[in-house]
Amino acid sequence: MTVSSAPGKVYLFGEHAVVYGEPAVPCAVERRATVSVEPREDDHIRVEARDLSLDGFTVEYAGSTGDHPDVNVPTPLVEAAIGYIDAAVEQALDAAGESDVGFDITVESDIPLGAGLGSSAAVVVAGIDAATRALGVELDAEEIADRAYRAEYAVQDGQASRADTFCSTMGGAVRVEGDDCRTLDTPNLPFVVGFDGGAGDTGALVAGVRDLRERYGFAADTVDTIGDIVREGEELLSEADPESDPDESLLVELGNLMNFNHGLLEALGVSSRSLDNMVWAARTAGAHGAKLTGAGGGGCIVALDPTPETQTGLRFTPGCEDVFRAELATEGVRAEA
Ligand code: MEV
């Protein structure tokens, strides 16, 4: 059995705009997806998933058919999860120069599915690493990130940036602008995550922004302005000491930029009532700033607060189902066995 894990992420700034070549700064957080892989004698894929914010599911199918007839929880989220696992298997087989190998795959994840915390990227990254190692091939981190991006790109019909997959592979805070992907040295920011228990459809949300951009010049300007916010935020981060806790003035300024970023995402139509409620509850509780994270539509917000106040405020906010502090995950993909 070969086992790998990879972290989820929050976006400090820049989701959606990154799809159009603007920079983004996602940060890996200590919530991980773990993928265990065992090659089989036949070409079947058997996937057992636990804790994907669902009751779990098991499915087995012939690797080449693309049909998934026996899914016991046939929801769109499960279908999407299987799509990402398929794409990861395809990349692993391609990397190893194999075509007819099947696998027993178990996915265990404490990252809620489709909620803006990068669950699909973490599963794809850990899946590619585990499956290639199971076939005797060691890929370097750059190749894992690149293949994971190609897997996401295929599943999302060509609407994906490298941000989620690069961040999950490398860990820590990263900066992605088009094909230019780098790790950043940042202080450990005091992230608090609020989760409404829901999920968003990344493909549909990305397509919605694309339609708005095509229809209105000012929507295209809005996307460009998100890029300006990211550049301003990067400047602040580059002046901070990565070895020390961030000082209050940095948190205040980053928080202002997060609030601005959320307003523009809201204008682009990717927020929701519950995300807005949690954002306002976090600000009212004393967070320096708060915004939705990831594709939006439902799922998670991220706030900046070193004190327990935001967690307490969110805990009593109707519609907020879970609140947790998200520590920066300095390690990206890693072999567990
Ligand atoms: C989704 O986690 C982030 C988006 O920017 C899409 C992408 O970057 O591929 C909305």
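**Helices against helices**

Tutor: Start with helix α3 (residues 141-155) and α4, which pack at an angle of about 145° with their axes 8 Å apart. Axes here are lines fitted to C-alpha atoms, for helices over the stretch in contact, and angles run from 0 to 180 degrees between N-to-C directions. The helices themselves are DSSP runs (H or I, at least four residues), as strands are (E, at least two), numbered from the N terminus.

Student: What sort of model is this, and how are residues numbered?

Tutor: It's a predicted model, in which local features need pLDDT of at least 70 and side-chain atom pairs count only at pLDDT 80 or more, while totals for chains, interfaces and linings use all residues. Residues are numbered from 1 along each chain as its sequence is written.

Student: At what angle does helix α2 meet α3, and what does that make the pair?

Tutor: Helix α2 (residues 119-134) packs on α3 at about 125°, with axes 9 Å apart. That makes α2 oblique to α3, because under 35 degrees would be roughly parallel, over 145 roughly antiparallel and 65 to 115 roughly perpendicular, and the rest is oblique. The α2 and α3 crossing is right-handed, and its contact has Ser120, Ala121, Val124, Val125, Ile128 and Asp129 from α2 against Ile144, Arg147, Ala148, Ala151 and Glu152 from α3.

Student: Why are α5 and α6 called oblique?

Tutor: Their axes come within 5 Å and cross at roughly 120°, with α6 spanning residues 217-239. Therefore α5 and α6 are oblique to each other. This crossing is left-handed, made by Leu212, Arg213 and Arg215 of α5 with Ala219, Ala220 and Val223 of α6. There are four nonpolar, no polar and two charged residues in it.

**Domains and ligand**

Student: What are the domain bounds?

Tutor: Domain 1 is 2-184 and domain 2 is 191-326, with bounds from an automatic or database domain assignment. Their C-alpha centres lie 24 Å apart, and 30 residues of domain 1 are in contact with 35 residues of domain 2. β1 (2-13) and β2 (25-39) are the elements giving two or more residues to domain 1's side.

Student: How do you know which domains the ligand's shell draws on?

Tutor: At least three shell residues come from each of domain 1 and domain 2. The shell residues include Glu15, His16, Asp164, Thr202 and Ala295; "near" means a C-beta atom, placed from the backbone, within 6 Å. Among helices, α4 (163-170) and α5 (202-215) each supply at least two. By class, it has six nonpolar, four polar and two charged residues.

Definitions and conventions:
Ala, Val, Leu, Ile, Met, Phe, Trp, Tyr, Cys and Pro count as nonpolar, Asp, Glu, Lys and Arg as charged, and the others, Gly among them, as polar. A crossing is left-handed if the near helix is turned anticlockwise from the far one by less than a right angle, and right-handed if clockwise. Two residues are in contact if their C-beta atoms, placed from the backbone, lie within 7 Å.
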